[in-house]
Amino acid sequence: MKCMICNTQLHFYFSKRFDNFIINEAEYFRCGHCGFVFSKTHAEMTGEDWGKLNLTYHASFQGKETNTDDPSWLSRLAEQAHVINDVQSLGILQGGNPWLDYGCGDGKLSEILTRKYNLILNIYDKYMDPYDNKQRFPRFLQDKELIPGRFNFVINTSVFEHFRKRHELDQLETLVSNDGVFGIHTVVCENIPQDESWFYLLPVHCAFFTNKSMELLFQQWGYNFSLYNVNARLWLWFKDKSRSRIIKEYVENANKRIKGPFYIYKNGFVDYWK
C-alpha cells in the first residue's frame, strides 16, 4: 500500500480494537518519508460499510449540543465563525462567488455565521440527506452543485481525517477558485503517536497528517502562503501570490489589536504544531 500523499510505501505501525463498531480492529500504516499514517482496515471497507459506519457514529452527536469524543466541538465552531467573520471584515476573505462548508455535518458552523454575523455559508455533507433537511438546511447543496472552481472560500472542519482515497482529497480542493481561500481544521502533529489510546483514533478517522505531509499537499496543490489562528485551530491557504503582500500587511495590523483574533502568517504551510 502506497502513501496517498507522496506515493511512498507504507509500513505497519500499530493496531487498535473498536469493540462497539463494525471495524473491530484497525491496522494503521505509516509512511517513512512524510510520516502520514493511514488505516488499511478502513481503506479496504466496502463503500456500503464505510457509509454505515459514518452514519452510525455521527448520529450519536449530530443535532445535539454535546459530543463526548470532542467536548470543545461547539466552542471551537463558534471561534471558527468568529475568525471567518474577522478575516472577511479585514478584506482577507472575499465574497463574489459563494462559500462552502464541505462535510458540514448538521450545519452548525453555517447556522452560527448566519445567526451571529449575517454571513452565508453553503453546506454539503455526503452523509446527510438534503431532502430530509430542506426546512432546516435551505442551503444544503447537492452533488451536481459541487462545480470545480465555483467557491471563493471552501472550509472543511474535521474532514481531512475521513478521506480514504487521494482522489477524494483532490476533488475537494478543486472546488476552490483560483483566487479563493481553502480553510482547513484537522489535527496535525510533527509525529503521529504510536499509541492506541491517542484521542484522535476514533472509529471514523482513518488518515492522520504530519506537518511534512500537509506541507507536501500544500505544494502539490499550488498554494503559496497561509495563515493560522490558534484558538480556532484553523488554517487558511492561499494560491494567489499577488495578494501575499497586502494580506501580510492586513495580518500585521490585525495583530496590533488589543483583542484578537490574531494570526500567524507564513510563505508556505504554517507548521505550528511541533
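# Exercises on a predicted fold

Strand 4 and strand 6 run parallel and are joined by 3 bridges. Keep in mind that the model is predicted.

## Exercise 1: The surroundings of strand 4

Find the partners of strand 4, and decide whether its two faces are covered or open.

**Solution.** 

Step 1. Begin with the pairing to strand 6, where Trp 99 stands opposite Phe 153.

Step 2. Turn to strand 5, which is also parallel to strand 4 and joined to it by 3 bridges. Here the bridge partner of Tyr 102 is Tyr 124 in strand 5.

Step 3. Now look at the two faces. In a regular strand, side chains alternate between the two faces of the sheet. In strand 4, Trp 99 and Asp 101 lie on one side, while Leu 100 and Tyr 102 lie on the other. These four residues are all buried, and both faces of the strand are covered.

## Exercise 2: Helix 4

Identify the buried residues of helix 4 and the elements they pack against.

**Solution.** 

Step 1. In helix 4 (residues 108-117), the buried residues are Lys 108, Leu 109, Ser 110, Ile 112, Leu 113 and Tyr 117.

Step 2. These buried residues pack against helix 3, strand 4, strand 5 and strand 6.

Step 3. Follow the chain past the end of the helix: the next residue is Asn 118, with a positive phi near 60°.

## Exercise 3: Aromatic pairs and charges over rings

Classify the pairs Phe 160 with Trp 221 and Tyr 228 with Trp 235, then look for lysines placed over rings.

**Solution.** 

Step 1. A pair of aromatic rings is described by the distance of the centres and the angle of the planes. The structure holds 32 aromatic pairs.

Step 2. For Phe 160 and Trp 221, the centres are 6.4 Å apart and the planes make 85°. Planes over 60 degrees apart count as edge-to-face, and this pair is edge-to-face.

Step 3. Locate the two residues in the chain. Phe 160 is in the loop between strand 6 and helix 5 (166-173), and Trp 221 is in the loop between helix 6 (211-220) and strand 10, 61 residues apart. Phe 160 is buried, with a relative accessible area of 0%, and Trp 221 is buried at 10%.

Step 4. Tyr 228 and Trp 235 are 4.3 Å apart centre to centre, with 40° between the planes, and the pair is tilted. Both of these residues are buried.

Step 5. Check the lysines. The charged end of Lys 16 sits over the ring of Phe 18, 5.3 Å from its centre. Lys 239 lies over the face of Tyr 223, 5.1 Å from the ring centre.

## Exercise 4: Cysteines

How many disulfides does the structure hold?

**Solution.** 

Step 1. The count is 0. A disulfide needs two cysteine sulfur atoms within 2.5 Å.

Step 2. The cysteine sulfur nearest to that of Cys 31 belongs to Cys 6, 3.4 Å away, and Cys 31 is in no disulfide. Cys 31 is buried, with a relative accessible area of 0%.

Step 3. Cys 34 is in no disulfide either; the nearest cysteine sulfur is that of Cys 3, at 3.7 Å. Cys 34 is buried too, with a relative accessible area of 3%.

Technical notes
Residues are numbered from 1 along each chain as its sequence is written. This is a predicted model: local features need pLDDT of at least 70, side-chain atom pairs count only at pLDDT 80 or more; totals for chains, interfaces and linings use all residues. Side-chain values use heavy atoms; hydrogens and water are left out. Buried means under 20% relative accessible area, exposed over 50%, partly exposed in between (1.4 Å probe, protein chains only). Rings of Phe, Tyr and Trp (its six-membered ring) pair if their centres lie within 6.5 Å; planes under 30 degrees apart count as stacked, over 60 as edge-to-face and the rest as tilted. A charge sits over a ring if NZ of Lys or CZ of Arg is within 6 Å of the ring centre and within 35 degrees of the ring normal. Two strands pair if DSSP finds at least two bridges between them. Contact means heavy atoms within 4.5 Å.
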